[in-house]
Amino acid sequence: MTGPLAGIRIIEFASIGPGPFCGMMLGDHGAEVIRVERPGGQLDPRDALSRNRRSIALDVKTPEGLAIARDLCRTADGIIEGYRPGVMERLGLGPDVLLADNPSLVYGRMTGWGQSGPLAHAAGHDINYIALTGALHTVGRQGEPPVPPFNYVGDFGGGAMMLAFGMVSALLFAKTGGTGQVVDAAMTDGSALLTGMPRAFLAAGTMTDNRGENLIDGGAHFYDSYECADGTWIAIGSIEPQFYALLRQHLGLLGDPAFDDQDNRAHWPALKKRIAAIFLTRTRADWCALLEGTDVCFAPVLSLAEAPQHPHNVARGTFLEVGGATQPAPAPRYSLTEHDTPQAAPIVDSDRPAILAELAQAGCSHDG
């Protein structure tokens, strides 16, 4: 593997959602990620979250499976697991055991509520975690229910990416003279962190605590999505005065005094209706021809199927084909190290012979 994490070995105990996303990120950037599956498991080669892995199936409830798992962790720089608090301990694979085996190990733990607190052992999903931290409250239209933002905010932004950052930070610490440690990544903590800017706005008095009536939550007429004549949508974000002036120019509103006081929130609902009516007069393609690439701060709202075909995404290679499906390419990019072409998710247990041979070379002998 190439990439800035080349030479790092991560053992991933198979889970769903944010755990695999974290493993994908580490693997995308050069780490060797060995995914420990339950016997009989399957992976979809089209699933981006399972790419760039090696695979071995272990029943860690058996002495032999547990012994192999511990030996894998002895050879690793880090592990990631996404079970409820106490599960790994009951399996004999808790941090006390594995850090005693390998004091430099970084032990990454991905949960919704965290390893401690009154809700730590309760079931939950993305929507619950972001509800508790105020993040869900900020998403949606004024006077309407909160809108779940898929599972981008809790599972991935507040969970997997925080765990990946924590893993790299702790690995750097361990590699520069420190020791191994536990990384407690909770989606509640991570999604709370993502609310840093609106909380700053709220403290400064520049936004209200009501969704859908503020600058960048759909309240402003110059920062929202609008329907076009063909039923498709476009998005504008003309916040700065010079960008707002350009928007007015292209929409034929420069001479209309109603649009002069950009920041008067009392006028936003009426101005939004007027702009919405204008955007309904042309197709999305027409608006793209007029506004795309200008400083209006404009983009078409593309579907998942459409996005990979956009010329900008094509030019940058933002999407690629892996395992017979379109997947997002690894990100971010580096000036010196290059990403390997992602490898599709493996067949479960396909790397068992090679992995056991490597353990044997490291002095850990196990039957195949």
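Reply: Start with Arg352, which is buried, with a relative accessible area of 17%. Buried means under 20% relative accessible area, exposed over 50%, and partly exposed in between, with a 1.4 Å probe and protein chains only.

Me: Before going on, what kind of model is this?
Reply: This is a predicted model: local features need pLDDT of at least 70, side-chain atom pairs count only at pLDDT 80 or more, and totals for chains, interfaces and linings use all residues. Residues are numbered from 1 along each chain as its sequence is written, and side-chain values use heavy atoms, with hydrogens and water left out.

Me: Ok, back to Arg352. Which residue does Arg352 form a salt bridge with?
Reply: With Asp349; the closest N and O atoms are 3.1 Å apart. A salt bridge here is a side-chain nitrogen of Lys or Arg within 4 Å of a carboxyl oxygen of Asp or Glu. Asp349 counts as partly exposed, at 26% relative accessibility.

Me: How many salt bridges does the structure hold?
Reply: The structure holds 21. Some link up: Arg9, Glu32, Arg54 and Glu358 are in a network of salt bridges.

Me: What does Glu32 do in there?
Reply: Glu32 forms a salt bridge with Arg54, with the closest N and O atoms 2.5 Å apart. Glu32 is in strand E2 and Arg54 in strand E3, so the pair ties together parts 22 residues apart in sequence. Helices (H or I, at least four residues) and strands (E, at least two) are DSSP runs, numbered from the N terminus.

Me: And Arg54, buried or exposed?
Reply: Arg54 counts as buried, at 16% relative accessibility. Glu32 is partly exposed, with 22%.

Me: Where does Glu358 come in?
Reply: The side chains of Arg54 and Glu358 meet in a salt bridge of 2.9 Å, N to O. This pair links distant parts of the chain, with Arg54 in strand E3 and Glu358 in helix H13, 304 residues apart. Glu358 is partly exposed, with a relative accessible area of 29%.

Me: New topic, the sheet. What is the strand order?
Reply: The order is E3-E2-E1-E4-E5-E6, in an open sheet of six strands with parallel pairing. Two strands pair if DSSP finds at least two bridges between them.

Me: Which strands stand at the edges?
Reply: Strand E3 (54-57) and strand E6 (181-186) do; each has a single partner strand, so one side of each is left without a neighbour in the sheet.

Me: How many bridges join E1 to E4?
Reply: Three bridges join strand E1 (residues 9-13) to strand E4 (residues 78-81). Glu12 stands opposite Ile80 in E4.

Me: What about helix H13?
Reply: Helix H13 (residues 352-361) lies across E1, E2 and E3, at about 85° to E3. Axes are lines fitted to C-alpha atoms, for helices over the stretch in contact, and angles run from 0 to 180 degrees between N-to-C directions. Contact means heavy atoms within 4.5 Å.

Me: Last one, at what angle do H6 and H7 pack?
Reply: Helix H6 (residues 152-175) and helix H7 (residues 187-194) pack at about 100°, with their axes 8 Å apart. The contact is made by residues including Gly158 and Met162 of H6 and Gly190 and Leu194 of H7.
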